[in-house]
Amino acid sequence: MVEGGHRVLFLGGLLLWLCMAAPSASELQRLQHRARPDGTLSFLVVGDWGREGNYNQSEVASQMGVIGEKLDIDFVISTGDNFYEDGLTGEDDPAFSKSFTDIYTAPSLQKPWYNVLGNHDYRGDVEAQLSPVLREKDSKWICYRSYILNAEIVDFFFVDTTPFVDDYFTNPGEHKYDWKGVEPRDEYLSKLLTDVDSALKDSPANWKIVVGHHTIKSAGHHGVTVELVEQLLPILQANNVDLYVNGHDHCLEHITSTDSETQFITSGGGSKAWRGDIRPWKPEEMKFYYDGQGFLSVNMTGDQADLVFYDVFGQVLHKWSISKQLRTAAKRSYSEF
Ligand SMILES: *[C@@H]1O[C@H](CO)[C@@H](O)[C@H](O)[C@H]1NC(C)=O
Ligand SMILES: *[C@@H]1O[C@H](CO)[C@@H](O)[C@H](O)[C@H]1NC(C)=O
């Protein structure tokens, strides 16, 4: 108890210190979501979903409702590709209600949804998905390009991964991408990487979770995203990120690293799946691969996280735990000052 009190005081002091002495600190938008009074947090992760209920989207949604209630979740994380095939046409696109509001109707899912954008979202009106008008239509909708969610025991770093992928620029084929707000691209990417790196370095949270749409490690249809392996992965490793969570491949996947503590999770089973093309992967890293629909739940304390993948029937497919020593206030204070 006494220790907890010290920690609160210390964190307050640290925050103040960061605010005052931080001209170089990250300029990413920061949101706050308090952990529960007992210091726990739970949430669901789903990706690649918006198809007006088709391809089992509604079935996944209803099982998310059941598990969401069981775990009494605090929020939902969406790993992008929110609206197929080409994002939203504008703020008034009926796809917003048909693929989101009318689908995720369970009481337990009426919590904040923290979204990132996927490549399909970039094929429509990006500004529309970021618009506060959508939040007026459905208060659970929260979407920015890149941002930080501070949830006390864990900091989440949402990263806009679509602009990293060269192919969308050099070889767009028949697709049109909405790069307003991204160009000049080199500047956008280098600023984003600097911001994410400095935000990770500044984070006092025990857990660090990075969320993006594109894969870093995946044996699915798209496989690894080389641009992220080259540019983002070194930052994750240098900052001891616990989890990188993505969608893009329409499957459920858990891959560990032989060379770092970072684990890679694909939760892209929100609707269309069963692609059937699975690539070989190092067996010592590949912990789980499921080609069908489903979602992930995470419930965590300051020093333990329990993760579970479910299928379209709500059946448990794979579960595991990660334990981690608490970074105590004392230990932190010695290393910080
Ligand atoms: C819906 O899920 C069931 C059970 O996994 C599967 O057999 C079926 O093929 C899925 N439907 C589609 C369209 O993916
Ligand atoms: C997660 O929830 C399960 C089921 O309620 C519970 O048994 C477990 O202790 C929780 N894990 C953590 C880390 O809080």
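Reader: What share of the 337 residues in the protein is buried?

Author: This is a predicted model, in which local features need pLDDT of at least 70, side-chain atom pairs count only at pLDDT 80 or more, and totals for chains, interfaces and linings use all residues. Residues are numbered from 1 along each chain as its sequence is written, while chains are lettered from A and ligands numbered from 1 in the order in which they are written. A residue is buried if 20 or more other C-beta atoms lie within 10 Å of its own, exposed if 12 or fewer do, and partly exposed in between, with C-beta atoms placed from the backbone. By that rule, the buried share of the 337 residues is 42%.

Reader: How many helices and strands does the protein have?

Author: Helices (H or I, at least four residues) and strands (E, at least two) are DSSP runs, numbered from the N terminus. Counted this way, the protein has 10 helices and 15 strands.

Reader: Among contacts between residues at least 6 apart in sequence, what percentage join residues at least 24 apart?

Author: Two residues are in contact if their C-beta atoms, placed from the backbone, lie within 7 Å. Of the contacts between residues at least 6 apart in sequence, the part joining residues at least 24 apart is 75%.

Reader: In what order do the eight strands of the open sheet stand?

Author: Strands of a sheet pair through backbone hydrogen bonds, either parallel or antiparallel. Here two strands count as paired if DSSP finds at least two bridges between them. The pairing in this open sheet is mixed, and its eight strands follow the order E1-E6-E7-E8-E9-E11-E10-E12.

Reader: Which strands stand at the edges of that sheet?

Author: An edge strand here has a single partner strand, so one side of it is left without a neighbour in the sheet. From one strand to the next, the twist averages 15°. The two strands at the edges are E1 (29–32) and E12 (286–290).

Reader: Which residue in E9 stands opposite valine 211?

Author: E8 runs parallel to E7, joined by six bridges, and valine 211 in E8 is the bridge partner of phenylalanine 158. E8 also runs parallel to E9, joined by three bridges. In E9, the residue opposite valine 211 is valine 245.

Reader: Which helix lies across strands E6, E7 and E8?

Author: The angle to look for is about 180° to E7; axes are lines fitted to C-alpha atoms, for helices over the stretch in contact, and angles run from 0 to 180 degrees between N-to-C directions. The helix lying across E6 (147–150), E7 (154–159) and E8 (207–212) covers residues 185–202 and is H7.

Reader: Is aspartate 48 buried or exposed?

Author: Aspartate 48 sits in the loop between strand E2 (41–46) and helix H2 (57–70). Leaving aside neighbours within four places in sequence, its contacts include Asp81 and His250. With 31 other C-beta atoms within 10 Å, aspartate 48 is buried.

Reader: UniProt also gives "binding site" for Asp81, Asn119, His213 and His248; why can they be said to gather at one spot?

Author: That annotation comes from an unreviewed UniProt entry.

Reader: How many other C-beta atoms lie within 10 Å of histidine 213?

Author: Histidine 213 lies in the loop between E8 and helix H8 (226–231). Setting aside neighbours within four places in sequence, it is in contact with residues including Asp81, Asn119 and His248. Histidine 213 is buried, and the number of other C-beta atoms within 10 Å is 31.

Definitions and conventions
UniProt positions are given in the numbering used here, feature names are shortened, and annotations may be inferred rather than shown by experiment.
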